[in-house]
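Thanks for coming. I have one model to go through today, so please look at the sequence and structure on the screen.

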Amino acid sequence: MTIEYVLLIFCMFMIGLKFFFSAPMEAFRDYGPVLGARVEKHLTTGHGFKMQDGSAHQWTTAR
């Protein structure tokens, strides 16, 4: 009975490990171009910039 539990835990660990390493790679491969397009759109339209002292645009960070 102990051998079955050890094998079951080992199989679940290996499945979890595969998911842990493959999920981020798939997400960046599938949604990387979408994120890049969004960043380029915000840079070209000026979203995220604000006037300070009426002179120059400076990038603001979200906190």
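What is the mean pLDDT of the protein, and what share of its residues reach 70 or more? The mean is 79, and 70% of the residues reach 70 or more; pLDDT is the predictor's confidence in each residue, from 0 to 100.

First, the ground rules. This is a predicted model, in which local features need pLDDT of at least 70 and side-chain atom pairs count only at pLDDT 80 or more, while totals for chains, interfaces and linings use all residues. Residues are numbered from 1 along each chain as its sequence is written, and side-chain values use heavy atoms, with hydrogens and water left out.

Now the layout. The protein has one helix and two strands, in the order α-β-β from the N terminus. These elements are DSSP runs numbered from the N terminus: helices are H or I, at least four residues, and strands are E, at least two. Confidence is highest in helix α1, residues 2-45, at a mean of 86, and lowest in strand β1, residues 49-52, at 58.

Next, the surface. Of the 63 residues, 2% are buried. Buried means under 20% relative accessible area, exposed over 50%, and partly exposed in between, with a 1.4 Å probe and protein chains only. The accessible surface is about 6,200 Å², and carbon and sulfur atoms account for 70% of that; the areas come from the Shrake-Rupley method with a 1.4 Å probe, and for residues only the protein chains shown count as cover.

There is a nonpolar patch of about 780 Å², made by Phe 10, Phe 13, Met 14, Leu 17, Phe 20, Phe 21 and Met 25. Patch residues have over 30% relative accessible area and no salt bridge; nonpolar side chains (Val, Leu, Ile, Met, Phe, Trp, Tyr) are joined within 5 Å, like charges within 9 Å. Met 14 lies in helix α1 and is partly exposed, at 39%. Phe 20 is exposed, at 57%.

Lastly, the contacts. The whole structure holds one salt bridge, that is, a side-chain nitrogen of Lys or Arg within 4 Å of a carboxyl oxygen of Asp or Glu. The partners are Arg 29 and Asp 30, at 3.6 Å, N to O. Arg 29 is exposed, at 57%, and Asp 30 is partly exposed, at 44%.
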